[in-house]
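Here is a short briefing on how parts of this protein pack together. Look over the sequence and the model first, then work through the points below.

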Amino acid sequence: MSPLSLFLLLAIFTLSDAGSIGVNYGRVANNLPSPNKVVNLLKSQGINRVKVYDTDPVVLKSLSGSNIKVTVDLPNGLLRSVARKQSFATNWVDRNIVAVHPHTQIEAIAVGNEVFVDPDNTTAFLVPAMKNIHQALVKYDLHSDIKISSPVALSALQNSYPSSAGSFRPELTETVFKPMFDFLRETKSYLMVNAYPFFAYESNSDVISLDYALFRENPGVVDAGNGLRYFSLFDAQIDAVFAAMSRLNYDDIPLVVTETGWPSKGDNNEIGASVENAAAYNGNLVKRILTGGGTPLRPKADLQVFLFALFNENSKDGPESERNYGLFYPNQEKVYSIPFTVDDLKEYRDKQSPATGDIAGGQVRVSSTPPVRRPGSGFVSGQTWCVASEVGKDRLQAALDYACGEGGADCRSIQPGSTCYDPNTLEAHASYAFNSYYQKNGRAGGSCYFGGAAHTVTQPPKFGKCDFPNGY
C-alpha cells in the first residue's frame with residue numbers, strides 16, 4: 001500500500017477525533033456570484049462551515065436550510081454602541097440572529113475582527129460588547145447554542161518565537177486578555193485566532209524553509225525552551241498562542257483558527273506568493289487538520305480551521321496578494337484543487353516538483369531524500385530515520401498495526417524475545433516499525449507521515465540496545 005493509502009487509513013481511524021475545515025466568505029468585490037449560487041458551491045464541495053464578515057440578511061437567508069454552520073461578525077464600527085447600551089446589543093441580536101436562527105445555523109458570533117489593530121481604537125469596547133451580546137443571547141435562550149469570541153491577530157503577541165516564549169502584549173494583558181479569557185471560560189467558548197505563516201515566511205525567507213511553511217517533509221525545528229520539535233510554521237505559531245495563554249493560566253480555553261491562507265499571486269516583493277505554494281499550503285493544511293491531532297504543545301487539541309478565503313476579492317486595498325487569497329475565481333472555477341473532506345483525500349497529492357526542494361527559501365536540486373544538516377558537519381545526504389510522534393496511544397497503535405500488517409514493515413525484531421522487544425513500549429515498537437517502513441520505501445516523501453503519527457530525525461534513534469537500520 002502506498003503512503004497515500006496509509007494516510008487515508010489513518011484518516012478513518014482518527015476521523016471521529018479530527019478537526020474540521022470551514023471557509024471565510026468575504027465579499028469585498030464587485031463580480032461575485034449570488035449568495036444562492038455560493039451556497040450551492042459550498043454544498044457541492046462538501047464545505048459545512050462558513051464564516052462571514054457581517055449579518056447581511058440576503059446572505060443569511062440563502063444559507064437557511066443548508067445545514068451549513070455559520071459564524072457571523074459584528075463589525076468593529078458597532079462595538080462602541082453595543083458596549084454602551086444593552087438595549088442596542090439586544091436589538092442587534094433580535095434583528096440579526098433571532099430572525100434567522102435556527103433555520104440558518106448560527107454557531108458563533110465574532111464580536112469585532114482584529115480589534116487591536118483597528119485604526120479607530122475600539123479595544124476598550126471589546127469585552128463589554130461581548131458581555132452585552134451574551135446577555136442578549138441569554139434573553140432569547142440562545143446562549144447554549146451560539147458561542148461568542150473575537151478574532152485576534154498574531155500581532156497581539158509580544159513574543160512568538162520560539163513558541164515556548166509566547167506572550168501577549170503587556171498593555172493588553174490586564175485590560176483586555178484576562179477579562180476576555182475569564183468571559184470565554186465562563187461561557188465555555190474559545191479564542192479565535194487569525195494566523196498567516198505566509199507573512200512570517202515572506203519576511204524571513206532567508207531563514208525559514210519553504211517546506212517548513214508548507215507542511216512538507218522537513219527535518220523540523222527544535223524549540224530550545226520546551227524541547228519540542230516542530231515540523232510546520234503553522235503549528236509553531238498556534239503553540240505560541242497556547243503558550244501565551246498558559247503563561248496567564250488559561251490552559252483550559254480551546255482555540256479556533258478563524259483565518260489562515262496563502263496567496264496565489266503577489267507583488268514582485270511578496271516572496272512565496274504563487275499558485276503552487278497556495279495549493280500546497282492549503283491542501284496540506286486540510287490534510288493535517290482532517291486526520292486529527294493537535295499541536296506539539298497541545299497534542300489532543302484537534303483544531304477547527306477556516307481557510308481564507310472562498311473567492312478572490314478584486315475590490316480589496318493593499319498589495320496584490322490581498323486580492324488573491326481565493327480558492328475560487330468569481331466564476332466559481334477553482335484557482336487550484338485542494339481537498340475539503342476526508343473523501344477528497346483519496347485523490348489528493350501535494351504536487352511538489354520531484355526535481356526541486358527548498359532549503360531556507362532558496363531552490364536547490366535534491367534527491368528523493370532532502371539533505372539534512374548535522375551540527376558541525378555540513379550536509380549529509382540520506383542519514384534520516386523515522387520515529388513515532390506524541391499523538392496519543394490510540395493513533396499510535398493504529399499506525400503500528402498498519403505498519404506491521406498491510407504496510408509490510410519488518411516487525412520481527414520487536415516480537416517477544418527478539419532483539420528490539422525491549423524496551424517494551426508502544427513508542428519504541430512503533431518507532432522501529434515506522435522506520436522499517438520508511439527505509440523500505442526508500443525514505444520517499446510521505447513515507448514517514450503515518451497520518452501525523454511519525455516524523456524524521458537526523459540522529460540514530462536510541463531505544464535500549466536496539467539498532468535502527470538506515471537503508472535496505
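Ser87 sits in helix H5, which spans residues 86–98. Ser87 counts as partly exposed because its relative accessibility is 46% (buried means under 20% relative accessible area, exposed over 50%, partly exposed in between, with a 1.4 Å probe and protein chains only). The model is predicted, so local features need pLDDT of at least 70 and side-chain atom pairs count only at pLDDT 80 or more, while totals for chains, interfaces and linings use all residues. Residues are numbered from 1 along each chain as its sequence is written, and side-chain values use heavy atoms, leaving out hydrogens and water.

**H5 against H6**

- Ser87 and Ile133 lie 46 residues apart in sequence, and their C-alpha atoms are 9.9 Å apart in space.
- The axes of H5 and H6 come within 8 Å and cross at roughly 60° (axes are lines fitted to C-alpha atoms, for helices over the stretch in contact, and angles run from 0 to 180 degrees between N-to-C directions).
- That angle makes H5 oblique to H6 (under 35 degrees is roughly parallel, over 145 roughly antiparallel, 65 to 115 roughly perpendicular, and the rest oblique).
- The crossing of H5 and H6 is right-handed (right-handed if the near helix is turned clockwise from the far one by less than a right angle, left-handed if anticlockwise).
- H5 contributes Gln86, Ala89, Thr90, Trp92, Val93 and Ile97 to the contact, and H6 contributes Asn132, Ile133, Gln135, Ala136, Leu137 and Lys139 (contact means heavy atoms within 4.5 Å).
- By class, the contact of H5 with H6 has 7 nonpolar, 4 polar and 1 charged residues (Ala, Val, Leu, Ile, Met, Phe, Trp, Tyr, Cys and Pro count as nonpolar, Asp, Glu, Lys and Arg as charged, and the others, Gly among them, as polar).

**H6 against H7**

- Helix H6 (residues 126–139) packs on helix H7 (residues 170–186) at an angle of about 15°, with the axes 9 Å apart.
- H6 and H7 are therefore roughly parallel to each other.
- Their crossing is left-handed.
- On the H6 side, Leu126, Val127, Met130, Lys131 and His134 meet Val176, Pro179, Met180, Phe183 and Leu184 of H7.
- The contact of H6 with H7 divides into 8 nonpolar, 1 polar and 1 charged residues.

**Ser150**

- Ser150 lies in the loop between strand S5 (147–149) and strand S6 (151–153).
- Is Ser150 buried or exposed? Ser150 is buried, with a relative accessible area of 1%.
- A polar atom of the Ser150 side chain lies 2.7 Å from the backbone oxygen of Val111.
- Leaving aside residues up to four places away in sequence, Ser150 touches Val111, Gly112, Val115, Leu126, Met130, Leu191 and Met192.

**H12 against H13**

- The axes of helix H12 (residues 393–404) and helix H13 (residues 426–440) come within 9 Å and cross at roughly 40°.
- That makes H12 oblique to H13.
- H12 passes H13 in a left-handed crossing.
- The contact of H12 with H13 has 11 nonpolar, 2 polar and 2 charged residues.

**Whole protein**

- The protein has 13 helices and 19 strands (DSSP runs numbered from the N terminus: helices are H or I of at least four residues, strands E of at least two).
- Of the 472 residues in the protein, 54% are buried.
- Among contacts with a separation of 6 or more, 72% join residues 24 or more positions apart.

Terms used. A polar contact is a pair of N or O atoms within 3.5 Å; within protein, one must be able to donate a hydrogen and the other to accept it, and residues adjacent in sequence count only if both atoms are side-chain atoms.
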